Amino acid sequence: NASNTAADLAHFRRVAEGFDAAVTDRSAGTASLALQGPLAAASLQPLTDAALSALRYYHFTEGQVAGVPALIARTGYTGEDGFELYHSAGDAARLAEALVSAGEAFGLRLAGLGARDSLRLEAGFPLHGHELSGEISPVAAGLGWTVKFSKPDAFIGRAALEKERREGSARKVLYFRTGDRRIPRHGTAVVALEEGVPAGSVLSGTLSPVLNEAICSALVAAPFADAPLAADIRGTLIPLRRVTPPFVPLRKR
């Protein structure tokens, strides 16, 4: 999440102290374009000599795309197959034009962050600052599988995460369907219906174009994780039905 650039940079510089290492901020000179969807590889391949079929999901390679040197990553935050291209900011416009031109035959359309956000929430992908933050650990977010506790060496936060895994998280990130088109936005209160008391708050909420209903994630106090809950939208309680993401089945890669 690029909004964390300053905090990330400060963290890298703090951790680098005492090592023979230098941290250089290249953010302003770097741009990223994302090409997403089931036809992404077919659309991109004519523009690059990189063997996209050999590039596994969540792996990357370096190459040229439409003559632009780029890091080509088979990643994305849409739940679909796709690629994220990292390159010089000065090349962004002409590379974007090349992608649009090459994708025209495949029905390519431009989309912004609003579309990305609905797609990533349908896929159940966390976004830093929402489902993950300095206050929400991977354990609380249900992402403990991403932490390598079997690693023999120490790592930042290990003791705290092991304690949380052992004793349980005080709060949990949960996902819900609403059966309603009214959207519980970030910060909306989540109420325990039987007790009539606050149980947490919404982290992310959007209208799912596929399900044609609002979906959301919420940070809920552990004692209420299995209780009947509702989102309080301007005084109206919208019942929440807990689900295990993804909300929409993902295609096999």
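Predicted model: local features only at pLDDT ≥ 70, side-chain atom pairs only at ≥ 80, totals over all residues.

Author: Rolling a probe the size of a water molecule over the atoms shows where empty space is left. In this structure, the second largest pocket has a volume of about 280 Å³. Its lining is made up of 17 residues, of which A141, G142, L143, Y175 and P245 are the closest to the centre.

Reader: Which strand gives the largest share of the lining of the second largest pocket?

Author: That share belongs to strand β5, residues 171-177, which contributes four residues. By kind, the lining of this pocket divides into 13 nonpolar residues, three polar and one charged.

Reader: How should I read a helix?

Author: An α-helix has 3.6 residues a turn, so residues three or four places apart point the same way. Consider helix α5, residues 158-167, in which R158, L161 and E164 are buried. Seen down the axis of α5, the buried residues fall within an arc of 130°, so they line one face of the helix.

Reader: Which exposed residues does the face of α5 turned away from its buried side carry?

Author: That face carries A159, A160, R166 and E167. Just after α5 comes G168, whose phi is positive, at about 95°.

Reader: Where does P209 lie, and is P209 buried or exposed?

Author: P209 belongs to the loop between β7 (197-208) and β8 (213-221). A residue counts as exposed when its relative accessible area is over 50%. For P209 the value is 60%, so P209 is exposed.

Reader: Which residues does P209 touch, not counting residues up to four places away in sequence?

Author: With those neighbours set aside, P209 touches S118 and E122. P209 and V65 are 144 residues apart in sequence, and their C-alpha atoms are 32 Å apart in space.

Reader: What may be said of the chain as a whole?

Author: The chain holds five helices and ten strands. Its C-alpha atoms fill a box of roughly 60 × 50 × 30 Å, taken along the principal axes. Of its 253 residues, 38% count as buried. The chain exposes about 14700 Å², and carbon and sulfur atoms supply 55% of that area. Finally, among contacts with a separation of 6 or more, 59% come from residues 24 or more positions apart.

How values were computed: Residues numbered from 1 in each chain as written. Heavy atoms only, no water. Buried < 20%, exposed > 50% of the residue type's maximum accessible area, 1.4 Å probe, protein only. Helix = DSSP H or I, 4+ residues; strand = E, 2+ residues; numbered from the N terminus. Arc of directions from axis to C-beta. Contact = heavy atoms within 4.5 Å. 1 Å grid on protein atoms, 1.4 Å probe; cavity = no way out; pocket = protein on both sides within 12 Å on 5 of 7 lines; lining within 4 Å. Points joined across faces, edges and corners; volume = space filled by probe spheres on them. Nonpolar A, V, L, I, M, F, W, Y, C, P; charged D, E, K, R; others polar. Areas by Shrake-Rupley, 256 points an atom, 1.4 Å probe, with all protein chains shown as cover.
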